[in-house]
There are 2 protein chains.
Amino acid sequence: MQTSQRLDQQQATENRRRELLEAADRVVLRDGPEASMNAIAAEAGITKPILYRHFGDKSGLYRALAKRHTDALLDNLRTALDSRSARRDRVEATLDAYLTAIEARPQVYRFLMHPTEDADAEKGFDTRRYSAPLLRRLGEELAKIIAERLDLGPNGEELARVWGHGIVGMMHAAGDWWLAERPCERGQLVAHLADLLWGRLAAAGDVPGSPGF
Amino acid sequence: MQTSQRLDQQQATENRRRELLEAADRVVLRDGPEASMNAIAAEAGITKPILYRHFGDKSGLYRALAKRHTDALLDNLRTALDSRSARRDRVEATLDAYLTAIEARPQVYRFLMHPTEDADAEKGFDTRRYSAPLLRRLGEELAKIIAERLDLGPNGEELARVWGHGIVGMMHAAGDWWLAERPCERGQLVAHLADLLWGRLAAAGDVPGSPGF
DNA sequence: ACTGCGTGTTACCGTAAGTAACAAGCAGGT
DNA sequence: ACCTGCTTGTTACTTACGGTAACACGCAGT
């Protein structure tokens, strides 16, 4: 009968796809995001056209690859956010989880955050096409959580989305810089960022004689 | 005499360089950051090798181009930060200046924020090579201002740097998302972000029955 | 006249993305 | 047995881009 046949086939190609993604992963981890399709195909023991059949084009492959890692990272962050403790502790745990992840595997992180652009550019320039997909997704995800757990009054939906993207951006930029310069311990960075979110910027005093801030 | 000669010549090549940069600017504004060296050369009415003589390689040209725009943007932000008013007003003015800039010229913004990577990758992967130069520079600049104007106690230097990069990242990510989705007016976005920096996240109440945040 | 230097060219190389076009294995139906 | 259709795989190609070599012109100053 052909229906279970079809299912077998479907599963087979999905397995194949998974294998290819794992090979691509190895190459990207080794060579960075600029890995060529040829190199990836070679690692998988095959040649280019098969990759193209499975993933359409390079950005397709990279999207699939990014999804895997993003899903994994999001899981980590969610469990950190769901720990049963005070809000500040949860926020710090989440920041820490993110920083731990990018510290442990900077190549993956670089790949996710600075992807090679699609560059099809269909019509003029579509701004939404040109942003790091991980950033956006994290932002939306955080926005959802904020919106459903915090009482932000009217306009809360909008506020939550702005905050979601803003916080994720803060975390990303600070993490990026920290990873490059290593100016302090991870725990320090987490504390500093939490302080910022907790309004210490607004509360700080001016330096006497300065034009003020 | 050769000394004034030398000066004339030097100025001449600098003028030429400026012309080339302006041509490159036009192309990048038209075609986006993926503009080819050929296209830029054509726009300037010349051919590739001259570009390479002036700028070394593509990333050299792009660095020069980015510097112009970054300088201009930084000027705007600085004057916004220097306005004589309450801290919150100044912060909002700065956010607004940034958002106005990226709104007015999204192509420039895209070029600055999502640059094509250097990818020489000398030794393994040097993380600091792979980040948007504008973000870093803005972060450092803001850190300097924060450090010199706010009294942050011991560790203030480090705190200021973390905050500088964090705030810039927040502004960037939120702006990026806002530019793509246009979920609200600019003024709204500014207010929301300022609220976040002013600690409203910490102060908000839990939704009753939620796992908390 | 010769030298030096900056401007400009054409023609080329290497590499990478992406695409035919074709070959082989393996179901199932007749 | 034979054909059909589908998936997997190949080789060989095109196109485009970054970058470079080699050469030619113009134009100061000695």
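Modeller: Buried area is the accessible area, taken with a 1.4 Å probe, that two parts lose on being put together, summed over both. This is a predicted model, where local features need pLDDT of at least 70, side-chain atom pairs count only at pLDDT 80 or more, and totals for chains, interfaces and linings use all residues. Residues are numbered from 1 along each chain as its sequence is written, chains are lettered from A and ligands numbered from 1 in the order in which they are written, and side-chain values use heavy atoms, with hydrogens and water left out.

Colleague: So what area do chain B and chain A bury between them?

Modeller: About 6600 Å², with 63% of it on carbon and sulfur atoms.

Colleague: How many residues does each chain put into the contact?

Modeller: Chain A gives 67 residues and chain B gives 67 residues. Contact means heavy atoms within 4.5 Å.

Colleague: How many polar contacts and salt bridges cross over?

Modeller: There are 22 residue pairs in polar contact across the interface, both residues at pLDDT 80 or more. That term means a pair of N or O atoms within 3.5 Å; within protein, one must be able to donate a hydrogen and the other to accept it, and residues adjacent in sequence count only if both atoms are side-chain atoms. The salt bridges between chain B and chain A number 6. A salt bridge is a side-chain nitrogen of Lys or Arg within 4 Å of a carboxyl oxygen of Asp or Glu. One of them pairs Arg136(B) with Asp176(A), at 3.5 Å from N to O.

Colleague: Which element gives the most on the chain B side?

Modeller: H8(B), with 17 residues on the side that touches chain A. Helices (H or I, at least four residues) and strands (E, at least two) are DSSP runs, numbered from the N terminus.

Colleague: Switching to symmetry. What rotation superposes chain B on chain A?

Modeller: 180°, with 0.0 Å of shift along the axis and an RMSD of 0.2 Å. The two copies are thus related as by a two-fold rotation axis.

Notes. Least-squares fit on C-alpha atoms with pLDDT ≥ 70 in both.
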